Amino acid sequence: MSGERAGTGGTADIEGLRGRLAGEIVVPGDGDWDAARQAWNLAVDQHPVAVVFPEVAEDVAAVVEVAGAHGLKVAPQGTGHSAAPMGPLEGTILVKTSRMRDVVIDAPATRARVQAGVLWGDVVPAAAEHGLAALAGSAKDVGVVGYTLGGGIGWLARRHGLACSGVLAAEAVTGDGRIVRADGDSEPDLFWALRGGGGSFAIVTALEFALYPVAEVYAGALYWPIERAAEVLHAWRELVAAAPDELTSLGRLMQFPPMPEVPEPFRGRAFALVEAAYCGPEAEGALLLQPLRELGPEMDTLATMSAEGLGELHMDPPQPVPFAGDGTLLSELPAEAVEALVGVAGAGSGSPLVSVEVRHLGGALATASPSNGALPSIDAGFALYAVGIATNPEVKADVEAHAARTQDALAPWSTGRSFLNFTERRADPSEFFDAATYARLRRVKAGYDPQDVIRGNHSIPPA
Ligand SMILES: Cc1cc2nc3c(=O)[nH]c(=O)nc-3n(C[C@H](O)[C@H](O)[C@H](O)COP(=O)(O)OP(=O)(O)OC[C@H]3O[C@@H](n4cnc5c(N)ncnc54)[C@H](O)[C@@H]3O)c2cc1C
């Protein structure tokens, strides 16, 4: 090893971790340093003090102990899909959980236990073998833990709610170095905070959550040329106003880049589309979506598929990309909001964004149960998310500016709150919660991480 070394105090102890870990530690100057520090979002340049790849909870506890003793922070990362809000990670040990990949499906109990580095693409097929579905998000390579701690809105969301509400237990290392289990019987404050409060409170080493008996869904996408965006989005808006909870859908404007990896019918073209998943028989779903079909889409992929097939529906990139994006929550989507959206991101707008989507919320997402956690429900009708490819700093700035412009255009309908998982800028975390919840989260943080050792993508400071 040679070259750049950790500049912050405690370098010798960081090196000393090497002998204590079942996993691996990589420091600046090691041959695999650049690969180790890379996040899924290739536009983010992370420069932590060291990167640790734990294999057991004790590895994580050792890192937390050393960091705490030397005034360093510890940032857990499953994939780095949400690396952007954390920035360069100065004075921080990055804990990458990618080697902790065990998945256990307990089909009779309809529950799963996964280790911290498990991706949705690891769990969904394993559950599908038993006719069960997880509350997975749109992308197969998003980490289960990061997604779930931030809330988790997936294709079954209006029927079965937020992923965080389905959590049954978490095994975790607290900021004061203890290995704990948080569930309905133990560590109630931590169990509450982890369910929607994000990754500030403890480093999760394993998560247990409910599975649902959804073997098949009627799902797919309908595509029209982007010039028809207003007509399509108005029709979708009217359709979802009376949709049952079994239907989760989104309206979207997409400009596919002219890149060879984009399949032929989409490459370099722009579309208005509706993506939908119906938890019920095909005949019912088809009848529900018939008003959209009557608009004569150019492509129509609606079909009965296994719940596993939902991982392809949103066409998320299958490999790491450089991107920038951001989102907000909308109370409603009246006709004026559709016009504003089409004006800022539709044909002729000059938008550099690859995708601007509006997800329909409500249904089970709007229903809070007293047993839920810090994000018991979402008090908004729709979630807006805008994203673009950020190949260099100038393009990134342009994408960020247009994502902000898109939010500004829809500001009259904003709830004033954001959804943690769709927030890619460095935000004030109080914007995700009501005042009482945020105050309680800060007290929980003070209880479990009084020295503020753990850094999340949207870190909540201790009270
Ligand atoms: C292509 C794409 C598609 C997406 N689709 C959806 C979607 O359909 N629905 C949705 O709700 N969100 C979606 N998201 C947002 C996604 O859920 C968040 O970016 C989430 O934070 C990703 O989790 P991760 O573990 O993959 O990312 P990471 O960047 O690795 O983690 C994000 C944060 O999660 C916390 N965290 C991760 N691991 C741990 C751990 N072991 N212990 C404690 N905290 C931890 C940390 O605070 C970390 O900073 C999508 C994002 C992308 C880029």
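Visitor: Hi! At what angle do helix H8 and helix H11 pack?

Guide: Hello! In this predicted model, helix H8 (residues 229-241) packs against helix H11 (residues 335-345) at an angle of about 145 degrees. Their axes lie 10 Å apart.

Visitor: And is the crossing of H8 and H11 right-handed or left-handed?

Guide: Right-handed, for H8 and H11. On the H8 side, the contact is made by Ala 229, Ala 230, Leu 233, His 234 and Arg 237. H11 brings Ala 335, Val 338, Glu 339, Leu 341 and Val 342.

Visitor: How does the contact of H8 with H11 split by class?

Guide: It has seven nonpolar residues, one polar and two charged.

Visitor: Okay, switching to the ligand. How many residues surround it?

Guide: 33 residues surround the ligand, and the closest are Gly 78, Thr 79, Ser 138, Gly 143 and Ile 153.

Visitor: How much of the ligand does the protein bury?

Guide: The protein buries 97% of the 940 Å² that the ligand exposes when taken alone.

Visitor: Which elements give two or more residues to that shell?

Guide: Strand E3 (73-77), helix H5 (144-149) and strand E9 (202-210). The largest share, four residues, comes from H5.

Visitor: What's the shell around the ligand like by class?

Guide: The shell has 16 nonpolar residues, 15 polar and two charged.

How values were computed:
Residues numbered from 1 in each chain as written. Predicted model: local features only at pLDDT ≥ 70, side-chain atom pairs only at ≥ 80, totals over all residues. Heavy atoms only, no water. Axes fitted to C-alpha atoms, helices over the stretch in contact; angles between N-to-C directions. Left-handed = near helix turned anticlockwise from the far one by under 90°. Contact = heavy atoms within 4.5 Å. Nonpolar A, V, L, I, M, F, W, Y, C, P; charged D, E, K, R; others polar. Near = heavy atom within 4 Å. Areas by Shrake-Rupley, 256 points an atom, 1.4 Å probe, with all protein chains shown as cover.
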